[in-house]
Amino acid sequence: MATEPPPPLRLEASGPRDTRSPPLGEGEAGPERAPKRPGCGLRFLHGCVPLSHQVAGHTYGKDTVGILQHPDGTVLKQLQPPPRGPRELEFYNMVYAADCTDGVLTELRKYLPKYYGIWSPPTAPNDLYLKLEDVTHKFNKPCIMDVKIGRKSYDPFASAEKIQQQVSKYPLMEEIGFLVLGMRVYHVHSDSYETQNQHYGRSLTKETLKDGISRFFHNGFCLRKDAVAASIHKIENILQWFETQKQLNFYASSLLFVYEGSSQPTTTKSNDRTLAEKFLFKGQLSDTDVLEYNNNFRVLSSTANGKIETSVGKSLSKMYARHRKMYSKKHHSQTSLKVENIEQDNGWKSLSQEHLNGNVLSQLEKVFYHFPTDCQEIAEVEVRMIDFAHVFPSNTIDEGYVYGLKHLITVLQSILDN
């Protein structure tokens, strides 16, 4: 087995091509502008900030820069040291060459982040970054999972020491064919994210793999089967590409999963009333509103709580009564909450001013928790291939990657069918 990696891919079409994207100047528009993510005040490198929702890979810290977000809404990935960095750069240049006529490569673009060339800060022109599409930028509450695909997480030119190191990290890689590197899941009931790192993925066994993956699709109220189904469809498209191409083999490459955790993909205007406001202030809910409780519910601020004490009991009672009427037959076995305790007037009177100004959510969850859990959403989902520092020319089908995709589809299908 060879111990030295080959030179970077040089399969670009003939003709000069400047792949460097000039820094944005005054009045110059960047690609696909998007609002900056909140929650990160640190700024450096010409207005860039660390990507707040990165779930795997080298993150911002003492010795690493990690993935950055550019003010124009794209992301910047620092070029790795040779040979990995130049190899990944050559891969992107090859696939996105302006004069590329290779149908296999142009088809592959559908499954990658868009590539905008090389970027460097004006103050450090030798620091190179890949300028890429932020796949999450269109999502309001992005749920993100990074899954490494393939039976081997090392390339054919890895040293014996490197092979042993990679195998020891997850001995089941050969059998399972993929590894969860990290996830970030939005929970609607708490308006917060659950995060898991690479240690979570490495802890998954053949017996716990299904439940471990399904955790990514559970929003705290229900399993988002719509997102599971949409993800399967996206992976099947990628699988179809792999089953028909014999030009490239991928090692230590990942799939990035993103789906919308909120039922409102765009930011709600300040004067738009949430579902909570509708039933707490007006006591009015349509049947559609009842079905949409799971993602839209918000707790009112303390300044408004004082105004709703007299209406909250009647409104919630009406809502629960309608729920019982709609679902009493189909979901009788699921609604284990004792009706007599809910319908008694003193039950609603317990939602006093003290409760409303305090932990009102815990009171309301006693009702909401027993609503039907078959969430009927229409998923906004992205599945993209990322990380190409170990891509090599080939003349055979990438069996390891195909194996991983097929097994991942099988696991997701079992989650959907269960």
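Predicted model: local features only at pLDDT ≥ 70, side-chain atom pairs only at ≥ 80, totals over all residues.
Close-up 1. Strand E2, spanning residues 67–69, is joined to E1 by two bridges, and the two strands run antiparallel. Within this pairing, Val-49 has Gln-69 of E2 as its bridge partner.

**Close-up 2. The open sheet of five strands.** The strand order is E1-E2-E3-E5-E4, and the pairing is antiparallel.

**Close-up 3. Strand E7 and its pairing with strand E6.** Strand E7 comprises residues 178–187 and is mostly covered, with 10 of its 10 residues buried. Strand E6, formed by residues 142–149, runs antiparallel to E7 and is joined to E7 by six bridges.

**Close-up 4. The hairpin of strands E7 and E8.** Strand E8 covers residues 192–196 and pairs with E7 in the antiparallel sense over five bridges. Met-183 finds its bridge partner in E8 at Gln-196. Four residues lie between the two strands of the hairpin, where Asp-191 adopts a positive phi near 50 degrees.

Conventions: Residues numbered from 1 in each chain as written. Heavy atoms only, no water. Pairing = 2+ DSSP bridges. Buried < 20%, exposed > 50% of the residue type's maximum accessible area, 1.4 Å probe, protein only.
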